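Have the viewer open as you read, and follow along from one heading to the next.

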Amino acid sequence: MTVTINGTTGLATDSTSAVVEAVSLNHPSSSTAAITMDASNNVTLASNLTMTGGIYLGGTGSANLLDDVETGSWTPNFSTSGFTQSISSTSGFYTKVGRLVTVQWIASLASAGYMSSLSVVNNLPFTTYSSWSGTTGFYGSGNISGNGIGSSGYVDGNSTTLYLYQSISSVLTGSWRGTHTYFAA
Amino acid sequence: MALEKVISEDKIEIVGPYKMVQVRTKTAVMEDGVELSSSFHRHTIAPGADVSGESAEVQAIAAAVHTAEVIAAYQAHVAAQEV
């Protein structure tokens, strides 16, 4: 069966049966299916789906709702630096899926050095969840051949601050990089 | 076919008891008014932070929500966390 709308074949089933077993919607200027649904209820989109709301996955409760995904960049601000050498530049990236935030950061040193004491990194891209604080992620040398062993980080609740424990190796390297995951407020 | 880079603070949020100000800056590449691509950069402003480099809108928001009481409470919170 084929349904013709406004002179354009845009909605079709794959069967002559009265029961619709599968549906496909074609783009008006293309014979390629833009949306298809097969007999097993699998829906396929040929391109992106834009939603202003969220999507429920695996259930219909509020705990199943995913309504925020975002990627971007941020600039770590070392208000206290435990590095033995000055920092020449910092940069970072983030990905947020629901409340889960993962940040990456890079701190390039003016010359080789290591972290001899605690560092305080401000300007996390999202405020941390109020009811949890603790160790998160790890940082280390930006160069695998540098053998620089870093340590972990720490975030507290209701904060945009990441604390970095001092490194456990004094092997020199020119940059340090970390990846940390936390819950957003 | 004019290409244009448009930078805007497209989302400003106030989060949590210490009124953290979260600012999202969007950089969009536009062609004849149609967005071709975009990217985000985020920064946050804690109570008591220097806002002199912020936009007038963000400065006004920070001034409104970062009261002396909020700043004092946040500083006490930070002091309790640091070792």
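## Ground rules

Contact here means heavy atoms within 4.5 Å. Helices (H or I, at least four residues) and strands (E, at least two) are DSSP runs, numbered from the N terminus. A residue is buried under 20% relative accessible area, exposed over 50%, and partly exposed in between (1.4 Å probe, protein chains only).

This is a predicted model, in which local features need pLDDT of at least 70 and side-chain atom pairs count only at pLDDT 80 or more, while totals for chains, interfaces and linings use all residues. Residues are numbered from 1 along each chain as its sequence is written, chains are lettered from A and ligands numbered from 1 in the order in which they are written, and side-chain values use heavy atoms, with hydrogens and water left out.

## Helix H1 of chain B

Let us start with helix H1 of chain B, residues 56-65, whose buried residues are B:Val58, B:Ala62 and B:Val65. They sit on the same side of H1(B), because they cover an arc of only 80° around the axis (the arc is that of the directions from the helix axis to the C-beta atoms). What do these buried residues pack against? Their partners are strand E1 (3-15), E2, strand E3 (34-45) and helix H2 (68-81) of chain B. On the face of H1(B) turned away from the buried side you will find the exposed residues B:Ala56, B:Ala63 and B:Ala64.

B:Thr25 belongs to strand E2 (residues 20-31) of chain B. Its relative accessible area is 17%, so B:Thr25 counts as buried. Leaving out residues up to four places away in sequence, B:Thr25 touches B:Ile7, B:Ser8, B:Glu9, B:Asp10, B:Ser39, B:Phe40 and B:His41.

B:Ser37 is located in strand E3 of chain B and is partly exposed, at 37% relative accessibility. Beyond its neighbours within four places in sequence, B:Ser37 is in contact with B:Thr27, B:Ala28 and B:Val29. The C-alpha atoms of B:Ser37 and B:Ser8 are separated by 14 Å, and the two residues are 29 apart along the chain.

## Nonpolar cores

A nonpolar core is a set of buried Ala, Val, Leu, Ile, Met, Phe, Trp, Tyr and Cys residues joined through side-chain atoms within 4.5 Å. The largest one has 20 residues, and A:Trp105 and A:Leu164 touch the most other members. Strand E11 (100-113), strand E15 (162-164) and strand E16 (173-183) of chain A each supply at least two residues of this core, with the largest share, five residues, coming from E11(A).

Contacts of A:Leu164, not counting residues up to four places away in sequence, include A:Phe78, A:Trp105, A:Met115, A:Tyr139 and A:His180. Apart from this core lies another, of eight residues, among them A:Tyr154, A:Tyr163, B:Tyr18 and B:Tyr74.

## Where the chains meet

The contact between the chains takes 19 residues from chain B and 22 residues from chain A. Together, chain B and chain A bury about 1,600 Å², 46% of it on carbon and sulfur atoms (buried area is the accessible area, 1.4 Å probe, that two parts lose on being put together, summed over both). In chain B, B:Arg42, B:Thr44 and B:Gln81 lose the most area to chain A, together 34% of what that side buries.

Two salt bridges are found across this interface, each a side-chain nitrogen of Lys or Arg within 4 Å of a carboxyl oxygen of Asp or Glu. B:Arg42 and A:Glu70 meet through their side chains in a salt bridge (2.7 Å, N to O). E2, E3 and H2 of chain B each give two or more residues to the side that touches chain A, and E3(B) gives the most, with five residues.
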